[in-house]
Amino acid sequence: MNVVEVKGLSIEFGGARVLEDINFEVERGSVLAIIGPNGAGKTVLLKSLIGLIPHGGAVRWADGVRIGYVPQRMDIETDVPLTVREFVALRGAGVSMAKIKEALGFVQLDERLLDAGLGEISIGQRQRVLVAWAVIGGPDVLLFDEPTADIDITGQESIYKMLYHLQKNLGLTVIMVSHDLNVVYRHASIVMCLNRSKLCYGAPREVLSSEQLFNLYGGEKAFFQHKHG
Amino acid sequence: MFNQPIILPLLVAVFVAASASLLGSFAILKRMSLVGDALSHVAMPGIALALLFRFNPFIGGVAFLFVAVIGIWLVEYRSSLSVETIVGVFFTASLAIGALIMPEHDLIEALFGNITGLSAPESIASIILSLVLIAAILSIYKQLTLNMVSQEIAQSIGIKNRRLEFIFLLSFALAVALGIRFVGALLMGSLVIIPAASAKNIARSLTSFMVESMTFGMIAAGAGIVISYRYELTPGPVFILISSIIFISTLVIRQTRRA
């Protein structure tokens, strides 16, 4: 059964085509990884899926699907007067402490972090808080936009491990934007290569051939195959 | 302790400052510090027309503010011009227009405020509207905070960002219309921003930020009225100076904490 069906999705910003005729569907319980070079429209695609960006074509979510969205970054200052506890409480009145603790457990965050400022904690920790925030809402689908430059490798790895566990334990469908081809190779059920239009689509093993990646990234051929070859 | 004439202006100042500084805490979080100045300038022609044609200046101000708020809101979404540019050009121009058509003997009052000039019904209306404004902000503050932290997340849980921002701008306009009689068009931006900026220096949580901002605004307003009565000074500037002293004190506290 499909969680979402996307047909002929296209987006223009000021006359420039950012996405062109994107078609795909995502099966319940699967992990779709969207890869592509910088500026390929990955984040734009994710945002259009939740209606943040006006688009042509159709995005059809299955009835009653609850979406948890984890943005790439938050536009906040380090001294923003907002504690993690207060941020989590913004989820709504019905959020119990037990539920918050459970969500923090899922994302492997210490409860002591609740009293820290949201702007003070590391970017990796904040990303976990955001995932916990999404999880508290009891989503069926998690949309995860990978933070790029501003997070270290070990932080990234553990976030993906955590996402993987979430998907296994909660039976979530995950749609994620990723730059790390190793992660994609290990965890994704389906990979979509995106560079304005859909260049490839399928299981990681089939899709992530050197030739496909060459087409996707142009000259910067991926080193991925050598690592796992 | 106070003789009769001071009590009403004192109450008005304290309530108006409380609502303006509560609003200000979100203006600071949304990095809209300049909007207060801009809006107060826009109110000027409205007040001037009201004085010329002898209707209530509050209504004149509110009418112009309402138009400006719709303008800002549309510009934010529809044009590639930055809000700052629009503010810099058009809103100072409206201050200029206001200054030209304002009857001369009212000009100083419009620029620097005169809270003692309020009639009793006007004072009571100001207090009630301040309470309405506080209630309005408290009813949307969670959504506002989320909108400020991440519009995407807000949208993903069904918050209508555009509508929320419009309500916020309307609240802003009301705060300006209320405060402009107290501190005047030139100092209005400071009434909104300084107490909140002071609170941000020392607050770590949202609750303390909001409470401290309101407290600073109320203390400065109360002290400002008392001092200006005792020494026969214009209340607006006195308020701003006291607020600035509070700001510097909180800045010192912030720096010592960090050291």
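This is a predicted model: local features need pLDDT of at least 70, side-chain atom pairs count only at pLDDT 80 or more; totals for chains, interfaces and linings use all residues.
I started at Ser48(A), which sits in helix α1 (residues 42–49) of chain A. I then listed its contacts, leaving out residues up to four places away in sequence: Leu9(A), Ile11(A), Ile53(A), His55(A) and Val59(A).

**Interface, overall**

Next I looked at where the two chains meet. On the chain A side 28 residues are in contact, and they touch 23 residues of chain B. I get about 2200 Å² of buried area between chain A and chain B, with carbon and sulfur atoms giving 58% of that. Of the area that chain A buries against chain B, 28% comes from Asp79(A), Pro81(A) and Leu90(A), more than from any other three residues.

I counted eleven residue pairs in polar contact across the interface of chain A and chain B, both partners at pLDDT 80 or more. I also checked which elements of chain A do the touching: β5 (67–70), α2 (84–89) and α4 (123–136) each supply at least two residues. The one that gives the most is α2(A), with three residues.

**Salt bridges between the chains**

How many salt bridges does the rule find across the interface of chain A and chain B? I got six. For the whole structure, over all chains, my search returned 14.

I went through some of the pairs. Arg31(B) and Glu77(A) meet through their side chains at 3.2 Å, N to O. Arg31(B) is in the loop between α1 (4–29) and α2 (33–52) of chain B, while Glu77(A) is in the loop between β5 and α2 of chain A, so this pair joins two chains. I have both down as partly exposed, Arg31(B) at 43% relative accessibility and Glu77(A) with a relative accessible area of 31%.

Arg254(B) pairs with Asp79(A), and the closest N and O atoms are 3.2 Å apart here. This bridge also crosses between chains, running from helix α11 of chain B to the loop between β5 and α2 of chain A.

**Inside chain B**

Back within one chain, I found Arg181(B) in a salt bridge with Glu122(B), closest N and O atoms 3.7 Å apart. Arg181(B) lies in helix α8 and Glu122(B) in helix α6 (residues 120–149), so the pair ties together parts that are 59 residues apart in sequence. Arg181(B) is buried, with a relative accessible area of 16%.

**Rings**

I counted four aromatic pairs over all chains. One of them is Phe168(B) with Phe172(B), edge-to-face, at 5.9 Å centre to centre and 75° between the planes. Both lie in helix α8 (residues 161–183) of chain B, four residues apart, about one turn of the helix.

Phe182(B) and Phe239(B) make a tilted pair, 5.3 Å centre to centre with 55° between the planes. Phe182(B) is in helix α8 and Phe239(B) in helix α11 (residues 235–258), so parts 57 residues apart in sequence are tied together. Both of these are buried as well.

Last, charges over rings. Arg91(A) lies over the face of Trp133(A), 4.5 Å from the ring centre. In chain B, the charged end of Arg162(B) sits over the ring of Trp73(B), 5.0 Å from its centre.

Methods. Residues are numbered from 1 along each chain as its sequence is written. Chains are lettered from A and ligands numbered from 1 in the order in which they are written. Side-chain values use heavy atoms; hydrogens and water are left out. Rings of Phe, Tyr and Trp (its six-membered ring) pair if their centres lie within 6.5 Å; planes under 30 degrees apart count as stacked, over 60 as edge-to-face and the rest as tilted. Buried means under 20% relative accessible area, exposed over 50%, partly exposed in between (1.4 Å probe, protein chains only). A charge sits over a ring if NZ of Lys or CZ of Arg is within 6 Å of the ring centre and within 35 degrees of the ring normal. Contact means heavy atoms within 4.5 Å. Buried area is the accessible area (1.4 Å probe) that two parts lose on being put together, summed over both. A salt bridge is a side-chain nitrogen of Lys or Arg within 4 Å of a carboxyl oxygen of Asp or Glu. A polar contact is a pair of N or O atoms within 3.5 Å; within protein, one must be able to donate a hydrogen and the other to accept it, and residues adjacent in sequence count only if both atoms are side-chain atoms.
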